[in-house]
Amino acid sequence: MTHSRPLLALLILLLAGLTAFPLFGDEFYQELVIRLMIMGIFAMSLDLLIGFTGLVSFGHAAFFGLSGYMLAIITPEAGPVSIWIALPFCLLVTAGAALVIGWFSVRTSGIYFIMITLAFAQMFYYYFNENQDLGGSDGIFIFYKPTIFIGDFQLLDLNNPHSFYYFVLISLIISYLVLSIILKAPFGQVIRGIHANEARTRALGFNTQRYKLISFVIAGTLAGFAGFLEANLAGIMSPAHLGWHESGTIMMVVILGGMGTLYGPVLGAFAMGFLQDYLQEIWSAHWLLPMGIFVIAVVLFLPGGIAGLIAKLTDKKGDVK
Amino acid sequence: MDLATFLIQVLNGVQYGFTLFLVASGLTLIFGMMGIINLAHGAFYMIGAYLSFWLFGITESLWMAILLGLPIMIVFGYVIERLAISFLYKRDHLYQVLLTYGLILILNEMQKILWGSDFYSVPVPEILSASIPMGNQEYPVYRLFVSFVCMVVAAGMYVVISKTKLGMMIRAGATHREMTQALGINISRVFAIVFSLGAALAGFSGMIDAPLSSVYPGMGDYILIISFVVIVIGGIGSLKGAFVGAMLVGLADTFGKILLPEFSSMVIYALMALVLIWRPQGLFGRQA
């Protein structure tokens, strides 16, 4: 992906702003920004499916929430768990779930795919909602954040808000870079080929089902990583984290930011997050009403999202991206 | 499980299946004909239930409530189709999902503003409040009545679609949209009619279901997801599939609650997964 110069400047500015933020931002907003960065990772993972592979998954929150629950399960009641155990455990379980759900789902396409991913996510939702050992509909607390030790040396203390902030920021950057590399690699070219024309890609000799499945597993695992961070931040995981409203919201974030751009969904997460925060403040209980109107307005008037808007504003000469 | 319990559960499952069919049939018709995936369909069911509660409060009669509620649902469906859905015919499924998702947020919130977050109930009409003894248990007459009404509606739908002129237009529009238009049929009017009728069906289902389940916020979300499972199993766009799918899901859900209580909410999804392994396009689907 080659970015236009103004866009690059904007992204560097955003990165600089995020890096410097904890130095002068107040605590409430620091937590909000952490949440938005996590949402950014989550949205990028969905963008890999929607924007690049052409798979409209409506159950992406399942992986986000599942991973969070896994952290709750593996954290003992008495104290913290090592991140070297917790993180691989969460990611492996999530990847396994994505493999199974994906195996069923990529056999279908179009509207079937949308509905099947939704239905599977709801299955997880009801499982956690009804499992009283895991707190049922109230959710389950995670009292201790994992420790990060190398030998006896403590690399990072996640309980320190600043450390946690930078841990999430670095996670965001790494997620972005890893996805960029994946998309530049031959694998990325193939999944884009599938998005553009699956029949032709298959005719070229690629096993498109397998590529779609791999893409689904990567996206699910990355969503799981975001869920792991969210569980750390919130200290609680509830079934709502894997419900379909969460899947709908994150899909909205991807569209609002601009799908198929990777940086767009991150911008979308910030735009959506601040908007939510703002609406909750003015409309309190009924903030979902203006949010619904906003969602409809974006679909009707801004289908290319913020990234599309930026491209339109900066690409005066009509250059092709 | 003795015979009476078994029979009662079969009746329950069939009745649940019929209710699901009324909701799912609108969903599958709207998709099959108009190519629209309408997430707000579950909200129509919820609105129907609230209308029956609200109108019952005014008229003190469920029949009057349904009689007054149906035209409201038709007009409501028509307005939604004109104001929102009609912009979506040529758009990608992704945008359909998002726009109708936005509609759900609005409708759910409107429901909370109008009726609050409490659970309500609507009493069963007195003539139908009796129970039929079955072995040492009883089966409420109202449930039988609901099954019967749904059966009549389903039969009516079959007649309309296969025998009338409107049905001909609907079938023609579903398979050959351009050709139908070229023959001078105002396809967007037919779409609006189908959408309104679909909304009315879902609303009707919510109305007659209200005395059986309580009326509560978010009830539309639940029925929507189950309806998705139903039409994925049956094959999207197929009315016959929606019927078979609804019966399978109704029975599986009812018996799942008894035989596998711990996993009851997962049974229908497992059923869906099994069907998909066997036939990815659903039981009566045309293609994946």
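Predicted model: local features only at pLDDT ≥ 70, side-chain atom pairs only at ≥ 80, totals over all residues.
Chain B comes to 11 helices and two strands, and the pattern, read along the sequence, is α-α-α-α-β-β-α-α-α-α-α-α-α. Its radius of gyration is 19 Å, close to the 19 Å that the globule rule gives for 288 residues, so chain B is as compact as a globular protein of that length. The C-alpha trace of chain B spans about 65 × 50 × 35 Å along its principal axes, and 49% of its 288 residues are buried. If we take the contacts in chain B between residues at least 6 apart in sequence, 75% of them join residues at least 24 apart.

Turning to chain A, the secondary structure there comes to 13 helices and four strands. A compact globule of 321 residues would have a radius of gyration near 20 Å, and the 19 Å found for chain A agrees with that. Along the principal axes, the C-alpha trace of chain A spans about 60 × 45 × 45 Å. Of the 321 residues of this chain, 49% count as buried, and among its contacts with a separation of 6 or more, residues 24 or more positions apart account for 76%.

Now to the place where the chains meet. How many residues does the contact take from chain A, and how many from chain B? The contact takes 36 residues from chain A and 32 residues from chain B. On the side of chain A that touches chain B, α5 (110-130), α10 (244-257) and α12 (288-301) of chain A each supply at least two residues, and the largest share, 14 residues, comes from α5(A). By class, that side of chain A has 27 nonpolar, seven polar and two charged residues.

Next, helix α9 (residues 219-234) of chain B. At 1.5 Å a residue, its 16 residues should span 22 Å, and the end C-alpha atoms are 23 Å apart, which agrees. Is this helix enclosed by the rest of the structure or exposed? In α9(B), 15 of the 16 residues are buried, so the helix is largely enclosed by the rest of the structure. After α9(B) comes B:Gly235, whose phi is positive, near 105°.

Two further residues of chain B deserve a moment. B:Gly245 is found in helix α10 (residues 239-259) of chain B, and it counts as buried because 31 other C-beta atoms lie within 10 Å, where the cut-off is 20 or more. Neighbours within four places in sequence aside, B:Gly245 is in contact with B:Ala24, B:Val230, B:Ile231, B:Ile233, B:Gly234 and B:Leu283. B:Gly245 and B:Phe228, which are 17 residues apart in sequence, are 10.0 Å apart in space, C-alpha to C-alpha.

The other residue is B:Ile72, in helix α3 (residues 62-83) of chain B. With 15 other C-beta atoms within 10 Å, B:Ile72 is partly exposed. B:Ile72 and B:Ala270 are 198 residues apart in sequence and 37 Å apart in space, again C-alpha to C-alpha.

Key:
Residues numbered from 1 in each chain as written. Chains lettered and ligands numbered in written order. Contact = placed C-beta atoms within 7 Å. Nonpolar A, V, L, I, M, F, W, Y, C, P; charged D, E, K, R; others polar. Expected span 1.5 Å × (residues − 1). Buried ≥ 20, exposed ≤ 12 C-beta atoms within 10 Å, placed from the backbone. Rg over C-alpha atoms; globule rule 2.2 N^0.38 Å.
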